[in-house]
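Trainee: Could we go through this one together before I write it up? I'd like to begin with the charges and then move to the fold.

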Amino acid sequence: MSSHKPAYKLVIVESPAKARTISKFLGRTYKVEASNGHVRDLPKSQLGVDVENGFEPKYITIRGRGEVLERIRKEAKGAKTVILATDPDREGEAISWHLATILGIDPQSACRVEFNEITEKTVKSAIKEPRTINMKLVDAQQARRLLDRLVGYKISPLLWVKIRKGLSAGRVQSVATRMIVDREQEIETFEPEEYWHVTAELEACGQKLTAKLHSLDGARVAIASGEAAEAAKARIMQGGFSIASVKRGERRKHPAPPFTTSNLQQEASRKLGFTTAKTMQIAQQLYEGVDIEGRGTLGLISYIRTDSVRLSEEAVEAVRAMIGERYGADYVPEKPVVYKGRKSAQDAHEAIRPANLALRPEEIKASLSRDQYNLYRLIYLRFVACQMADAVYETQQVELSSASGAVLRASGEHMKFPGFTAVYEEGRDDAAEEDEVRGTLLDVTEGAQAKVLSAEGTQHFTQAPPRYTEASLVRALEEKGIGRPSTYAPTISTILARGYVMREKKQLFPTELGVMITDMMKEYFSDIVDIAFTAGMEAQLDEVEEGKLDWRQVLAGFYGPFEKTLQNAEQKIEKVEIKDEVSDVVCDKCGAMMVYKLGRFGRFLACPNFPECRNTKAIQVEIEAPCPKCGGKLLEKTSRKGRKFYGCERYPECDFVSWEMPVKEKCPKCGSYMVFKRGKKENYYLCANEACREKLPAPAADEEE
């Protein structure tokens, strides 16, 4: 009598989308199931960490995962082999370990595979090379989880008692909030300093040129007042200039490296206006697989959580061949471009790149959503550009001197070879002011006389450091060693959701609540919000992953001092009474004067007689322009998703609404109303009539934030 042998191998991944993509590659001899992320975690109702017994965690099945686990158990019983193929990072390794524990699989058996990209070749190759579960990765993830739990579950109840219910303090989120609060304080205390630039228009060798004052009487100029600027202009207008030197040179501009997680989040914010959370959501879809017309479901990019700029030889060879084919041999560097990663980079995975260069963004655009297409195109072009030749510029510096001791400089530049800029150029957070006036190359000769046509002084003031945007905050967190690629987006989402920080026009502002909690944390939990201390904890977690430190020792080293700090704080922190600010708006349900409250999307009005009266209202801000439809008042409002818009106070009788702020000025061309627009270099008014779209410069007052 022959015994029945199982007919399939079970592969367990994290997401249903990835399961669908992989199952098409592996065929009928495999079944692919999804765990939907983590299946076990610490209980929400209790600490779940036994601090007396080596910080032993108590794990329970996550609510809602029971049915998923039952299905996986059933499939595992009928399978020949169970292969754990969760994401290739600490979190993925931990999920595989939890699944192995639940299913009774020996973690030291060859049960674990990982996919750096979801392509048929990669998946089939990885399936043939299973390994044991990396317990060092699991320990590092577990140590982070328990550290965060100890901080959150020990400090948060203190905030509930001393300030108000519902508040929370997290290990990384508290540092991120502190950075935003500290930056706001820097801005508030900043004292601008005046300085002037003096430029001159000249004519030499039959050409006009603009030059900047460089030195007076042999000393580099630093003009700090209008009087000094006028004196410098007078010296220039004395004339007598001749061309002292003409220096020609070459400037090479190198391409930016391929994307890491933080680079991608920053660039998607700058170029696409994506939040960090949205970037990661769309990138996950591209990694797990998208249904491409005529080709089936395909993973379009490599793994998205990485701090490495390393690329596989195979990927580099493929892109160099494609560059030569598409752009010509001149665009292919003599040797592959190798990028140096950050010292603290874990370098576990390649940089983010397209999984298949043959899938050009334009050719598969119809199968992608607009956001998917834009992000895929960004990743694709950045990867291609990173292996292209430098852009080459011919430069020129002309120095003009006079008998009066004034020296002027004019700089010119001309692109000789576009190199990688033919494909892609990295965005910038802030447009840096040029030190020199750059123009075109001039055909002038040394010794030639130059006639001064005019001189002008321009007043400037030093600027306060800019507020963080999501992009610049991610960059700062990475530079300071706070968090890791997988933590940036959830950290920012958390501090926004908790109401500690607000986002307006991409800028992050601390709320009163955020300032209050940060001040308290600085006073009583200085280590928790100390940037160097937090970066040191991250370094220790890395050492756990490398097998250099024991995870229990890390927790013990942290918890001893932390417990003493906690006891001190409980005794010394006095209860903070947050008094609601009373408005002049009467509650139309009970007649009480409504008060200002802080919610997820900013401030709103609420009845003070809650819970007996639950009336709330949005705060109405009137703008100067009248309603273009009925002439009534226009109000600034907030949508359910927190986005500002402008609507008529007579709604629903008048249904006028606009995402852009209308202004008082009428279009001089067609008479329609105009809206305020913020440009990269200057702000302007734009006609709302689609058939007209006349532009006018916005007055200076409108240019302020």
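Trainee: How many positive and negative side chains does the protein have, and how far apart do the centres of the two sets lie?

Mentor: Bearing in mind that this is a predicted model, the protein carries 105 positive and 103 negative side chains, and the centres of these two sets lie 6 Å apart.

Trainee: And what share of the residues counts as buried?

Mentor: Of the 705 residues in the protein, 48% count as buried, while the accessible surface comes to about 36,400 Å², with 48% of that area belonging to carbon and sulfur atoms.

Trainee: Switching to the fold, how many helices and strands are there?

Mentor: The protein has 16 helices and 31 strands, and its C-alpha atoms fill a box of roughly 110 × 75 × 60 Å along the principal axes. Among contacts with a separation of 6 or more, 66% are between residues 24 or more positions apart.

Trainee: How many bridges join strand 30 to strand 31, and which residue stands opposite Leu 686?

Mentor: Three bridges join strand 30, residues 684-687, to strand 31, and the two run antiparallel; Leu 686 has Lys 695 of strand 31 opposite.

Note on methods. Residues numbered from 1 in each chain as written. Predicted model: local features only at pLDDT ≥ 70, side-chain atom pairs only at ≥ 80, totals over all residues. Heavy atoms only, no water. Helix = DSSP H or I, 4+ residues; strand = E, 2+ residues; numbered from the N terminus. Buried < 20%, exposed > 50% of the residue type's maximum accessible area, 1.4 Å probe, protein only. Contact = heavy atoms within 4.5 Å. Areas by Shrake-Rupley, 256 points an atom, 1.4 Å probe, with all protein chains shown as cover. Lys, Arg positive; Asp, Glu negative; His and termini not counted. Charge placed at Lys NZ, Arg CZ, Asp CG, Glu CD. Pairing = 2+ DSSP bridges.
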